[in-house]
Amino acid sequence: MTYKILIADKLGQAGLDRLDQMEDIAYEMRTGLSKEALLDIIGGYDAVIVRSDTRIDADILAAGKRLKVVGRAGMGVDNIDVEAATRHGVRVMNTPHANSVATAEQTLALMLAASRRTVQAHNSLAAGEWARSQFVGTELFEKTLGIIGFGYIGRLVARRAQAFGMKVVAFDPYVPTETGAELDVKLLPLADLLATSDIITLHAVVTPETKGIINTEVIASMKDGVILVNVARGKLIEEQALADALRSGKVAAAGLDVYQEEPPVNSPVIGLPNVVHTPHLGASSQEAQKRVGIELVEQMADALRGVAYRNVLNPAA
């Protein structure tokens with residue numbers, strides 16, 4: 001039997017090469033499809049691979065009569081209706097750790113750039129200026145880093161921050177205090193983390209309780225001059241509230257890789273002088289793309305064959 005996989009978003013060459021080695025798997029890469037186009041063709045496939053661009057909603061899942069697996073090349077599945085997939089008996093799987101190191105490193109890159117005003121200084125020098133006194137930054141050494149969401153990526157960030165001599169605290173109601181203690185990280189209530197952190201970085205998934213977790217009220221309870229970094233999901237932040245705080249100086253600087261809408265056409269944080277922003281590059285390293293592609297196609301193939309089920313987010317399916 002040959003299984004057909006639709007690749008609806010770009011997948012790294014390493015993943016495609018691995019698929020080419022599988023005699024019982026056929027695939028087609030058709031990226032940039034509208035919902036209507038996807039509805040027309042999805043019925044001919046046993047599985048579909050997406051990243052963050054293509055939305056797999058209840059309509060798509062209902063039309064996918066042959067669908068057995070939806071694979072997310074990455075971690076977040078907010079573009080997949082997992083509940084509808086469960087109703088239709090479709091397994092949803094991701095690759096939660098394949099790009100974690102890349103995401104942790106991007107977090108530190110933005111943290112350093114925001115603290116030392118690296119991008120602003122670069123742009124000034126590129127424009128022919130020599131304005132050293134305008135770009136005095138702050139050190140990470142002996143600062144308190146507050147991590148909201150202490151899962152796998154949050155823990156990678158903690159270890160890297162500790163190498164800079166930072167004190168690390170975290171908020172995550174689902175992680176026991178013993179886990180933090182093992183990594184020399186104190187788990188705090190959110191209010192305490194906000195009040196004591198010099199830099200705050202987000203590593204939570206988007207749920208009803210975390211959506212907009214950074215809002216006007218929460219920002220007001222942060223230290224004056226705090227630096228905020230987000231390489232997780234844009235919907236964790238109410239962008240207008242952050243923009244207001246950046247203009248007032250309550251938030252000294254921000255490093256943002258993700259946005260409420262992507263691309264962020266009308267985002268109020270884009271272009272502010274104290275923001276370093278990148279276009280969702282957290283997982284965009286050569287090594288991460290290779291790992292993501294290979295891991296995803298191998299676990300999807302195993303699931304289609306009924307051999308093994310790894311990283312399935314809805315086992316009830």
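This is a predicted model: local features need pLDDT of at least 70, side-chain atom pairs count only at pLDDT 80 or more; totals for chains, interfaces and linings use all residues.

Q: How do α1 and α12 pack, and at what angle?
A: Helix α1 (residues 13–20) packs against helix α12 (residues 286–305) at about 30 degrees. Their axes are 7 Å apart.

Q: Why is α1 called roughly parallel to α12?
A: Angles under 35 degrees count as roughly parallel. The angle here is about 30 degrees, so α1 is roughly parallel to α12. The crossing is right-handed.

Q: Which residues make the contact of α1 with α12?
A: From α1 come A14, G15, R18 and L19. They meet K290, G293, I294, V297 and E298 in α12.

Q: What makes the residues of this contact nonpolar, polar or charged?
A: Four are nonpolar, two polar and three charged. Gly counts as polar, whereas Lys, Arg and Glu count as charged.

Q: Why do β2 and β5 count as edges of the sheet?
A: The open sheet has five strands, in the order β2-β1-β3-β4-β5, with parallel pairing. β2 (25–29) and β5 (91–94) each have a single partner strand, so one side of each lacks a neighbour in the sheet. On average, neighbouring strands are turned by 20 degrees against each other, direction ignored.

Q: How do you know that β1 and β2 pair?
A: Pairing needs at least two bridges. Strand β1 (residues 3–7) and β2 share five bridges, in the parallel sense, so they pair. L6 stands opposite E28 in β2.

Q: Where does α1 lie on the strands?
A: α1 lies across β1 and β2, at about 145 degrees to β2.

How values were computed:
Residues are numbered from 1 along each chain as its sequence is written. Side-chain values use heavy atoms; hydrogens and water are left out. Axes are lines fitted to C-alpha atoms, for helices over the stretch in contact, and angles run from 0 to 180 degrees between N-to-C directions. Helices (H or I, at least four residues) and strands (E, at least two) are DSSP runs, numbered from the N terminus. Angles under 35 degrees count as roughly parallel, over 145 as roughly antiparallel, 65 to 115 as roughly perpendicular and the rest as oblique. A crossing is left-handed if the near helix is turned anticlockwise from the far one by less than a right angle, and right-handed if clockwise. Contact means heavy atoms within 4.5 Å.
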